[in-house]
Amino acid sequence: MLLLLLLVAPLGAQTRPSGFTVGLRASGLIGTRLISDDIGQSILPDTLLQGRFNRDTIKVGMPIAPDLTLVVSLPLNEESDLQLAAGYTLGRLEVTQADESRDAGGAALGHAVVSIRQPVRGVLGRLGIGLMWVQGAEITAFREMRTLNPLIEVAATRIWDMGGYQVEAGLVGQAAQLSSAALEARQGTSGMYYRLGLELGAGRRFGR
Amino acid sequence: MSALRLKARSGRACSARPAMIAGIVGVVLLAACDSPTVPPRLIAYQFAYEGFVERVIYRWPDGQTIGVHVAPTGETERDALLEAAFRHTAQAWNDAVLYGEYRLEAAPLQRADVILAWANHALPIDTSECPPSPDGFAWTTFCANSTGTAIAAYPLTVGQHVEDGVHMIVQVLQTELEPDPDRVAALVAHEFGHVLGIGTHPCRLSDSGCTRRQGAHESLMYLGIPERSTPSAADRSTIELLYHTRPDLTP
């Protein structure tokens with residue numbers, strides 16, 4: 001929030017144009033693992049298991065997933081916008097341990113972001129903060145996901161005006177701090193999740 | 001309480017503006033953090049079935065949906081009681097593992113891996129090769145195949161042959177005219193600990209002679225009538241450990 005205030009404060013003094021833009025952004029995102037779990041570090045009772053226990057880290061991820069986001073842009077001045085965006089990434093969760101991996105059902109990563117967009121060296125830079133949450137996951141690790149998982153977003157885009165419409169393309173990166181009640185019940189802690197993707201968007205301007 | 005039968009050998013963009021630069025620095029600082037991790041659990045207890053010659057680790061293959069058929073008797077109240085007990089059990093044990101290592105689910109007989117039935121009710125399978133031995137208030141029965149390499153399937157006595165078949169039977173004895181639903185739920189939950197692969201009964205750590213590797217402070221899997229109907233923290237650690245250990249026997 002502090003970052004946004006830093007951005008908005010100098011812009012607030014300038015003339016604010018009227019109108020707004022509503023659009024949709026579609027992205028393809030590649031993410032890091034959502035959870036890492038070194039399951040065997042302390043619960044192994046003794047040698048009874050005869051070396052058959054798999055000590056490799058368990059990783060849960062949604063490797064590549066599509067995202068659809070609804071965006072409302074409000075101009076702050078001639079160059080900058082305040083953007084409100086909310087959307088979902090829909091994908092399959094994959095559990096991997098050593099060389100073995102298996103599908104662990106579908107899940108949706110929801111996100112809502114407030115960002116400032118302004119020109120930066122020939123492109124439009126976007127910086128925002130928001131929330132991320134996990135919905136619909138079958139596996140217990142994501143049960144009772146903490147609703148307020150903080151998120152930070154950076155993006156670089158180009159925009160083409162086509163009459164009353166805008167088309168945009170760019171690169172986006174997000175970092176979120178994730179945790180869930182299920183993980184915390186196992187003395188789990190939160191950690192960082194990162195993802196990067198290409199985004200394509202189209203929007204329509206309303207007002208002047 | 002339960003007879004666990006195992007007949008054969010028995011887991012940025014660059015920015016010229018200060019505010020944008022501050023934002024980028026924030027992102028870089030965040031990037032220094034690590035991905036979500038799950039630190040140590042409580043200690044697990046020994047779960048392998050103690051056979052005549054050696055310990056045997058049995059469990060279902062990773063990620064398997066285990067179909068459970070609750071055998072109907074035709075008596076509405078009794079059937080509803082057992083179905084409710086299974087719903088509770090499935091939820092409790094499915095929640096015990098974090099990563100979908102298995103999933104208990106109600107299934108019709110043709111897709112069943114396990115049959116749950118009242119003890120005095122005729123089973124829709126041929127149990128002549130591996131008959132249940134009633135013991136206590138509830139029991140789980142299964143057998144290894146003739147080569148001792150897998151858990152054998154019971155042939156169905158009704159309908160057509162199914163390839164995978166039923167591999168385990170859980171039976172519950174009804175001793176009272178009006179059974180206590182909580183007690184039935186606890187018995188069924190205990191037996192499904194055996195179905196999932198916990199082949200022992202941990203001792204109480206407060207008892208003399210009970211070692212840390214054999215016992216738990218609290219457990220659904222104690223010998224005797226269960227005092228709880230959901231897995232304890234030690235039970236959860238144990239089932240997690242089990243499902244990341246290579247088994248001797250799988251269906």
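The model is predicted, so local features need pLDDT of at least 70 and side-chain atom pairs count only at pLDDT 80 or more, while totals for chains, interfaces and linings use all residues. Residues are numbered from 1 along each chain as its sequence is written, and chains are lettered from A and ligands numbered from 1 in the order in which they are written.

Arg121(A) sits in the loop between S6 and S7 of chain A, where strands (E, at least two residues) and helices (H or I, at least four) are DSSP runs numbered from the N terminus. Its phi is near 50°, a positive value in a residue other than glycine. Ala98(A), which is not a glycine, also has a positive phi, of about 55°, and is placed in the loop between strand S5 (81-97) and strand S6 (100-120) of chain A.

| Residue | Other C-beta atoms within 10 Å | Class |
|---|---|---|
| Ala98(A) | 11 atoms | exposed |
| Val123(A) | 16 atoms | partly exposed |

Chain B has 4 helices and 10 strands, and from the N terminus on its elements follow the order β-α-β-β-β-α-β-β-β-β-α-β-β-α. Of its 251 residues, 44% count as buried.

How do helix H2 (residues 76-94) and helix H3 (residues 181-196) of chain B cross? Their axes, which are lines fitted to C-alpha atoms over the stretch in contact, with angles running from 0 to 180 degrees between N-to-C directions, come within 8 Å and cross at roughly 50°. That makes H2(B) oblique to H3(B), since angles under 35 degrees count as roughly parallel, over 145 as roughly antiparallel, 65 to 115 as roughly perpendicular and the rest as oblique. Residues in H2(B), among them Leu81(B), Phe86(B) and Trp93(B), meet residues in H3(B) that include Pro181(B), Val188(B) and Phe192(B); contact requires C-beta atoms, placed from the backbone, within 7 Å. By class, this contact of H2(B) with H3(B) has 14 nonpolar, 2 polar and no charged residues.

Helix H4 (residues 233-242) of chain B is largely enclosed by the rest of the structure, because 9 of its 10 residues are buried. Among the buried residues of H4(B) are Asp235(B), Arg236(B) and Glu240(B), and the buried residues of this helix pack against H3 and strand S10 (215-216) of chain B.

A nonpolar core is a set of buried Ala, Val, Leu, Ile, Met, Phe, Trp, Tyr and Cys residues joined through C-beta atoms within 7 Å. In the largest one, of 94 residues, those that touch the most other members are Val60(A), Leu82(B), Tyr99(B), Val114(B), Ile115(B), Leu116(B) and Val188(B). H3(B) gives the largest share of this core, 9 residues. Apart from it lies another core, of 7 residues, including Leu76(A), Leu127(A), Val154(A) and Ala155(A).

Notes:
Contact = placed C-beta atoms within 7 Å. Nonpolar A, V, L, I, M, F, W, Y, C, P; charged D, E, K, R; others polar. Buried ≥ 20, exposed ≤ 12 C-beta atoms within 10 Å, placed from the backbone.
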